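The following note sets out comments on the model shown below.

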Amino acid sequence: TSQDNGAYGLDIGTDLAELLDECCRIKGDFSIRIGMMNPNNVLEIADRLAGMYKDDKIFKFLHLPVQSGDNEVLKRMNRSYSVEDFKHVVSTFRKEVPEVSLSTDIICGFPGESKEAFKSTIELIKEVKPDIVNVSRFFPRPHTLAESMSQLPVEEIKSRSRHLSEITKEISYQKNKVWLNWEGKILIDEKGKDDTWIGRNFAYKPVVIKSWENLIGKFVYTRVNEAFPTYLKAEVLK
């Protein structure tokens, strides 16, 4: 994990794909989750990196922030990638690993984001259909260039955020419904409320089960019987 995993190795003559290849050679029953990667640092290694995701030791989970569906807004954000770059990386991963869970980030109301630009963001999300969209409202951080830019009205930013969140919630729900009746093992990594535990399947989908045992760090075989926008619910298979 890091600020940008895709940048790993740029200063020492290697890259993330090579690192993961070494990690997957380690013996043992474990799972690796790859953290956030900006599209510009994934472009050159996308093919090899997607190939590494086929390994059973790696969660099929891709956190690839796009922030906006409009290239002009991305330039104002000083992002070193385009909407097309983002879509290329996503398609590369989905071609190699169709079950990959895609998580992305969107900032609503960045200075200069017109209604047309926001509409482009909505269209991108509807087209790509990420499993998870982390929607945030723009807030000017002190001493940044964005702080000196002309700001959008706060109510407009809130309205855009609410609208996009409603859209992404429905997409997430539809994506999770595909997992109904799925059977397989999950790795328990969190204690839930009351007598529940939260685990992750191979695509890093959060799966909630009920048990009175301490299951942290254990693999459990389950069957998904309910789907919600943010998680799956399952029964333990004996």
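1. Strand E6 pairs with strand E8 (residues 232–236) in the parallel sense, over two bridges. Within this pair, Val-207 has Leu-232 of E8 as its bridge partner. Strands are taken here as DSSP E runs of at least two residues, and helices as H or I runs of at least four residues, both numbered from the N terminus. Two strands count as paired if DSSP finds at least two bridges between them.

2. The model is a predicted one: local features require pLDDT of at least 70, side-chain atom pairs count only at pLDDT 80 or more, and totals for chains, interfaces and linings use all residues. Residues are numbered from 1 along each chain as its sequence is written, and side-chain values use heavy atoms, with hydrogens and water left out.

3. E6 also pairs with strand E5 (residues 196–200); this arrangement is antiparallel and has five bridges. E6 itself (residues 206–210) is mostly covered, with four of its five residues buried. Buried denotes under 20% relative accessible area, exposed over 50%, and partly exposed the range in between (1.4 Å probe, protein chains only).

4. Glu-183 belongs to strand E4 (residues 183–191). Its relative accessibility is 44%, and Glu-183 therefore counts as partly exposed. Beyond residues up to four places away in sequence, Glu-183 touches Thr-222, Arg-223 and Leu-237, a contact being heavy atoms within 4.5 Å. Its side chain makes a polar contact of 2.8 Å with the side chain of Arg-223. A polar contact is a pair of N or O atoms within 3.5 Å; within protein, one must be able to donate a hydrogen and the other to accept it, and residues adjacent in sequence count only if both atoms are side-chain atoms. The C-alpha atoms of Glu-183 and Leu-237 are 8.6 Å apart, although 54 residues separate the two along the chain.

5. Which residues of helix H1 (residues 16–24) are buried? They are Leu-16, Ala-17, Leu-20 and Cys-24. Viewed down the helix axis, the buried residues of H1 fall within an arc of 100°, so they line one face; the arc is that of the directions from the helix axis to the C-beta atoms. The buried residues of H1 pack against helix H3 (46–52). At the N-terminal end, Asp-15 caps H1, with a side-chain oxygen 3.1 Å from the backbone nitrogen of Ala-17.

6. Asn-5 is placed in the segment before H1. Its relative accessibility of 7% is why Asn-5 counts as buried. The side chain of Asn-5 makes a polar contact with that of Ser-2, at 2.6 Å. Apart from neighbours within four places in sequence, Asn-5 is in contact with Leu-16, Ile-34, Gly-35, Met-36 and Met-37.

7. For the protein chain as a whole, there are seven helices and eight strands. Of its 238 residues, 47% count as buried. Among contacts between residues at least 6 apart in sequence, 68% join residues at least 24 apart.
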